[in-house]
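Reader: Could you walk me through this structure and tell me what the words for its parts stand for?
Author: Gladly, let us look at it together.
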Amino acid sequence: MTLARDENAAGDPNDLRPVPRIAIQAFCETSDVAELLEAAGADRRMSRAHLKVQMGGLPAAVEFYGSAPTPNLVVVESKGKAEEILGHLDGLADVCDPGTKVMVIGHVNDVVLYRELIRRGVSEYVVMPLTMFDVVRAIGELYHGPAAAPLGRTVAFIGAKGGCGSSTVAHNVAWSIGKTFGTDVMITDLDLAWGTAALDFNQEPPQGVVEALNSPERLDETFLDRLLTKCSDQLSILAAPAMLDRAYDHEEQDFDTIIEVARSTVPIVVLDLPHQWTSWTRRQLREADDVVIVAAPDLANLRNAKNLVDTLKAGRPNDAPPHLVFNMVGVPKRPEIKPEEFAKALELPIAAIIPFDAAVFGNAANKGLMIGEMDAKHASAEVFRTLATLTTGRREVRKGRKSALDLGPLLAKLRMRKAS
Ligand SMILES: Nc1ncnc2c1ncn2[C@@H]1O[C@H](COP(=O)(O)OP(=O)(O)O)[C@@H](O)[C@H]1O
Ligand SMILES: [Mg+2]
């Protein structure tokens, strides 16, 4: 609890942990707080985070997120009294994506208000005056504190058969998550011998997964940073060596540390798994927050996908079933299993269907571009956006829709009134 600044508790700035790769948007009411946040954003411990500071306080935040996705953290300043803050916060809660944290910077030292805010899901309430270090510490503790849940969500992609497009889908969805939600994404290419993440993003990384695997005792956020290859503002890859100078035999738990460190610093970690059934691939599939199975419309894919779905159901009885992506649909003259039959056999709905398009996918792969970069209007680009929404657990992007027309909260209130 950081209700008011306690001189003794301010602590040594040298013990501050770096803030992870989160997107932060702040809505301030006073220039003092805006300047304070800008100063915090320029501190080296915030260098991984993306911070945007604007004015307008809570009302501006509510208005803004009526038509835009919320970042990992929203910081709002309010000079108002308790009722005013609470009233606006309800509006903000209506438009916040799940997983978004809210921090309130207030000017009133009020324990009752603090408790009420925490009860309503606000992550932290801090009171001015604050120093720049207080701000960096308060943000860091949301993610590193003893009670903090791991920041990163892991999404594992696996193909029902080799070559059915699992990596292609994984990379395009990862790219789309970064683009659509402005969230940082890291692709971990776990197909050590043949992985294509670096090729697909036109990169030549000097190091990656193997260096991380070889030094688990050294592996922390800073070391991981050095092994990552940055593809864009939002996207980085931990590349596979894709060299055959050694054999890649690994133990069941060998990849645990990499994934643990990755998810402590990046909001979305995409695991591009090879089409293999080893103790470690099985473990990573079972442990992932979300699983995507990519399958092509033939019998071998159907059998393998069914086995994967059944195994996951048994190994993750308390999790949602995997998302099923039907890829390479509509190859001329090829007999294909229909999506409905596939879905029926697997007892799972098909989350997305991607048409076979040799020209567009072939060009994208050869040029090291994503489909969205080649042709943002291509039908598959839309499918990747849908999968980005699904795998991040986000709500639909409400681009272009004015908040005034957002009837969701209004309808919810009417329903509540009717019920009472
Ligand atoms: N929908 C599609 N249409 C045409 N080609 C595709 C499609 N999806 C993937 N491909 C191509 O198929 C090949 C294998 O894809 P890849 O993602 O490496 O498969 P996997 O990771 O499942 O082994 C790549 O050359 C890729 O460009
Ligand atoms: Mg692959």
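Reader: Where does asparagine 202 lie?
Author: Asparagine 202 lies in the loop between α7 (197-200) and α8 (209-214). Helices here are DSSP runs of H or I with at least four residues, strands are runs of E with at least two, and both are numbered from the N terminus. This is a predicted model, where local features need pLDDT of at least 70, side-chain atom pairs count only at pLDDT 80 or more, and totals for chains, interfaces and linings use all residues. Residues are numbered from 1 along each chain as its sequence is written, while chains are lettered from A and ligands numbered from 1 in the order in which they are written.

Reader: What makes the phi of asparagine 202 worth a remark?
Author: Phi of asparagine 202 is near 55 degrees, a positive value in a residue other than glycine. Most residues other than glycine have a negative phi, and most peptide bonds are trans.

Reader: Which peptide bond is cis?
Author: The bond from methionine 128 to proline 129 is, with omega near 5 degrees. Proline 129 sits in the loop between β5 and α5 (132-144).

Reader: How do you know that β4 and β5 pair?
Author: Two strands pair if DSSP finds at least two bridges between them. Strand β4 (residues 101-106) and strand β5 (residues 124-127) are joined by 4 bridges and run parallel, so they meet that rule. In one of these bridges, methionine 103 has glutamate 124 of β5 as its partner.

Reader: Why is the unit of β4, helix α4 and β5 called right-handed?
Author: A crossover is right-handed if, with the strands pointing away from the viewer, the path from the first strand over the helix to the second runs clockwise. The unit made by β4, helix α4 (residues 111-119) and β5 is right-handed, so its path runs clockwise in that view.

Reader: Which strands do 6 bridges join?
Author: Strand β1 (residues 23-28) and strand β2 (residues 50-55), which run parallel. Between them the chain passes through helix α1 (residues 31-42), and this β-α-β crossover is right-handed.

Reader: What makes β8 and β13 the edges of their sheet?
Author: The open sheet has 8 strands in the order β8-β9-β7-β10-β6-β11-β12-β13, with mixed pairing. β8 (229-230) and β13 (350-355) each have a single partner strand, so one side of each is left without a neighbour in the sheet. Within this sheet, 4 bridges join the parallel strands β11 (residues 290-295) and β12, and valine 294 has valine 325 in β12 as its bridge partner.

Reader: How many residues surround ligand 1?
Author: There are 18, and the closest are Gly159, Gly165, Ser167, Thr168 and Phe361. A residue is near a molecule if its C-beta atom, placed from the backbone, lies within 6 Å of it. At least two shell residues come from each of α6 (166-181), β12 (323-329) and α14 (358-367).

Reader: Into which domains is the protein divided?
Author: Domain 1 (19-144) and domain 2 (153-392), with bounds from an automatic or database domain assignment. Their C-alpha centres lie 33 Å apart.

Reader: How confident is the predictor, as told by the mean pLDDT?
Author: pLDDT is the predictor's confidence in each residue, from 0 to 100. The protein has a mean of 91, and 91% of its residues reach 70 or more. Over residues 1-9, though, pLDDT stays under 50, and it also stays under 50 over residues 400-420.

How values were computed
Contact = placed C-beta atoms within 7 Å.
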